Amino acid sequence: MPTLVAYSSMHGATQEIAERIATTLGEAGEEADARSVEVVDDLTSYDAFVVGSAVYSRHWQNEASEFVRRNRAVLASRPVWLFSSGPLGTEATDAVGQDLTVAAEPMEIAEFRRTFGPQDHRVFFGALDPGRLGFAERLVRMWPAFRPVLPEGDFRDWAQIEAWARDIGHHLAELRAGPR
Ligand SMILES: Cc1cc2nc3c(=O)[nH]c(=O)nc-3n(C[C@H](O)[C@H](O)[C@H](O)COP(=O)(O)O)c2cc1C
């Protein structure tokens with residue numbers, strides 16, 4: 001059965017990460033579908049899951065969190081990997097020197113670790129195109145405190161994203177092969 005790469009994306013950056021993960025899994029010999037959490041309702045035709053969301057104000061998008069909570073029982077019974085598309089810029093650490101991919105962990109991830117035990121959660125750098133932002137987001141970006149952490153640009157590390165997807169592919173192949 002295929003793997004579902006379910007995503008929630010406000011402006012497209014997270015969708016493209018999900019699509020790249022599905023393509024990379026496909027190249028590794030694992031059938032995978034990338035689909036928005038808003039259009040998937042039946043999870044029974046999938047035997048593994050990758051679920052990802054854009055991060056806004058330190059939270060996953062509501063649709064993604066609701067998808068996970070609604071499907072907690074199924075997710076607890078299959079292998080699941082989570083990712084978040086968040087930090088922007090070229091600095092690897094925040095103002096106090098903490099690794100940004102750790103510091104930027106969204107609030108929901110601790111709950112998800114407790115409730116269904118994902119294999120892994122990764123924070124990937126994201127992308128921000130000011131032309132795609134709504135009025136409220138433009139206002140937030142004008143606030144002096146946010147200006148340094150919300151720079152314009154595409155900071156996604158495709159090599160890192162593909163490497164993670166290949167690791168998932170190896171893991172799935174091992175699970176399929178069963179205990180030796
Ligand atoms: C108003 C605003 C708030 C944001 N808040 C966060 C945040 O709290 N943490 C974070 O890591 N990234 C934050 N980001 C960056 C986005 O998560 C990043 O741009 C992401 O890749 C967007 O994905 P999308 O295009 O799929 O919506 C914010 C971006 C904007 C415009």
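## Ligand contacts

A polar backbone atom of Pro-87 lies 3.2 Å from an oxygen atom of the ligand, in a predicted model. Val-55 also places a polar backbone atom 2.5 Å from a ligand oxygen. For Met-10, a backbone N or O atom is 3.0 Å from an oxygen atom of the ligand. A polar contact here is a pair of N or O atoms within 3.5 Å. The protein covers 91% of the 650 Å² of accessible area that the ligand has on its own (Shrake-Rupley method, 1.4 Å probe).

Residues are numbered from 1 along each chain as its sequence is written. Local features need pLDDT of at least 70, side-chain atom pairs count only at pLDDT 80 or more, totals for chains, interfaces and linings use all residues, and side-chain values use heavy atoms, without hydrogens or water.

## The shell

The shell around the ligand holds 21 residues, each with a heavy atom within 4 Å. Ser-9, Thr-14, Val-55, Tyr-56 and Arg-58 come nearest. Twelve shell residues are nonpolar, eight polar and one charged. Tyr and Pro count as nonpolar, Gly as polar, and Asp, Glu, Lys and Arg as charged.

Helix 1 (13-27), strand 3 (48-56) and strand 7 (127-128) each give two or more residues to this shell. Strand 3 supplies the largest share, three residues. Elements are DSSP runs numbered from the N terminus: helices are H or I with at least four residues, strands E with at least two.

## The pocket

The ligand sits in the largest pocket; that is, more than half of its atoms lie within 2 Å of the pocket's grid points. A pocket is an open set of points on a 1 Å grid over the protein atoms alone, with protein on both sides within 12 Å along at least five of seven lines. This one contains about 1200 Å³ of space, the volume filled by probe spheres set on the points.

The lining counts 43 residues, each with an atom within 4 Å of a point. Val-55, Gly-86, Leu-88, Val-149 and Leu-150 lie nearest the centre. By class, the lining has 21 nonpolar, twelve polar and ten charged residues. Helix 6 (135-142) is among the elements supplying at least two, and gives the most, with four.

Notes: A polar contact is a pair of N or O atoms within 3.5 Å; within protein, one must be able to donate a hydrogen and the other to accept it, and residues adjacent in sequence count only if both atoms are side-chain atoms. On a 1 Å grid over the protein atoms alone, a cavity is a set of points where a 1.4 Å probe fits but cannot get out, and a pocket is an open set with protein on both sides within 12 Å along at least five of seven lines; lining residues have an atom within 4 Å of a point.
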